Every structure is written in C-alpha cells, then in structure tokens.
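Keep the sequence at hand as you read.

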Amino acid sequence: MLTATVVFLVIGGVAVAVLALALLGGELLHFGHPEAGGPVSTEVAAGFLGAFGFAGAAAAELLGARTPVGIVIAAAVGASAAVPAAWIAWRLSRAARNMRTDATPQRRHLVGSIGVVVTPVPAGSGYGEVRIRLGGQPVKLNARADRAIPAGAEVFVIEAPSDTSVIVEETP
C-alpha cells in the first residue's frame, strides 16, 4: 500500500531526475520557447517539484498523514516550501544565463604579448615554440624570428600570421 510519504518522495525523486537531465542535456525539457527565459524553465519546475515532494514527504511523515485531511496539510506544507524554492531556482538560473564573461581571445590579442621560448627558434624560415599567456591561460605556439633565439629567452610577439604561429623578437 502506497503511503502519502512514498508518493511525495517519488515526486521529489522525479524532480531530481528531471534536474539531472536538464543539467546534462541542456534545455531538452524546456517548457515553452527555449529563448523566452521565462519563469517556467526546467530548473524552476524541478525546484518546485523537488521542494514540494521532499517537504511534503517530511510533513506527511511528521503528521502521520493517513487521512485525506493529513495529506492535504502535507501537500500545503510542500507547496509552501515549493514556491520559494522555485523562485530561488528562477533567480539562480537567470543569473547564470545572464552572467557576463570575458570576450573570447582572438589572434589579434597575441600581438604585444610577452612569452618565453620553449624550443629554440631558428633564424629565418624554421619554427621554434614559445609559451605566452592569453586570457590568463598559458598557450604554446609555433614561433619564427629573424634571428635565432635560444630556449628560455624572453620574447615579444610582433605579428600573428595564424592562430597557431607568431613572429617574435627577443627582448633585451
């Protein structure tokens, strides 16, 4: 025989599964238009149902809800917990979607960077390797130079002919 506690726990468990699917699969379960960004997103629905189910289960167990009145009171407790949880989920998901991020680094951002030679750069036509910091991350690039530059020397990027290669000069 199913008790009210079990039913509420199943509702909470389904909400956790829906939230896991939403996190792993993006907006596969979005209700309405995916670009709308309205309050009925998967995260909000999962937050509402999860809080409703788990708070309702706790209330049903504490009240010993075996009668329709006890089940209605447990459902009311679940709903009173679900509304703030859904609002918090809506605010958090909206904040995550609208979070400002740095621009994606591009080839033009390489010019002017300071780096270190990792593999010696031969004079003229051959390639060596340099490590520079781009967007706070170390990046290893092929490097050419007019004069030979030994490993460990500090260099300055003067040109970026491609996304993976640069022309450098040794710094004094």
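Start at Glu159, which sits in strand S4. Strands here are DSSP runs of E of at least two residues, helices are runs of H or I of at least four, and both are numbered from the N terminus. This is a predicted model, where local features need pLDDT of at least 70, side-chain atom pairs count only at pLDDT 80 or more, and totals for chains, interfaces and linings use all residues. Residues are numbered from 1 along each chain as its sequence is written, and side-chain values use heavy atoms, with hydrogens and water left out.

Buried means under 20%, exposed means over 50%, and partly exposed lies in between (1.4 Å probe, protein chains only). Which residues does Glu159 contact, leaving aside neighbours within four places in sequence? They are Val111, Val166 and Ile167. Contact means heavy atoms within 4.5 Å. Leu110 is 49 residues from Glu159 along the chain, yet their C-alpha atoms are separated by 7.7 Å.

Now move to Thr164. Thr164 lies in the loop between strand S4 (154-159) and S5. Thr164 is partly exposed, because its relative accessible area is 48%. Thr164 touches Leu141 and Asn142, not counting residues up to four places away in sequence. Arg107 is 57 residues from Thr164 in sequence, and 8.5 Å from it in space, C-alpha to C-alpha.

Next comes the largest pocket. Its space is about 190 Å³. A pocket is an open set of points on a 1 Å grid over the protein atoms alone, where a 1.4 Å probe fits, with protein on both sides within 12 Å along at least five of seven lines; lining residues have an atom within 4 Å of a point. The volume is the space filled by probe spheres set on the points. Strand S5 (residues 165-170) gives the largest share of the lining, 4 residues. The lining includes Ile158, Ile167 and Glu170.

Finally, step back to the whole chain. It has 3 helices and 5 strands, in the order α-α-α-β-β-β-β-β. The C-alpha trace spans about 90 × 30 × 25 Å along its principal axes. Of the 172 residues, 31% count as buried. Among contacts between residues at least 6 apart in sequence, 50% join residues at least 24 apart.
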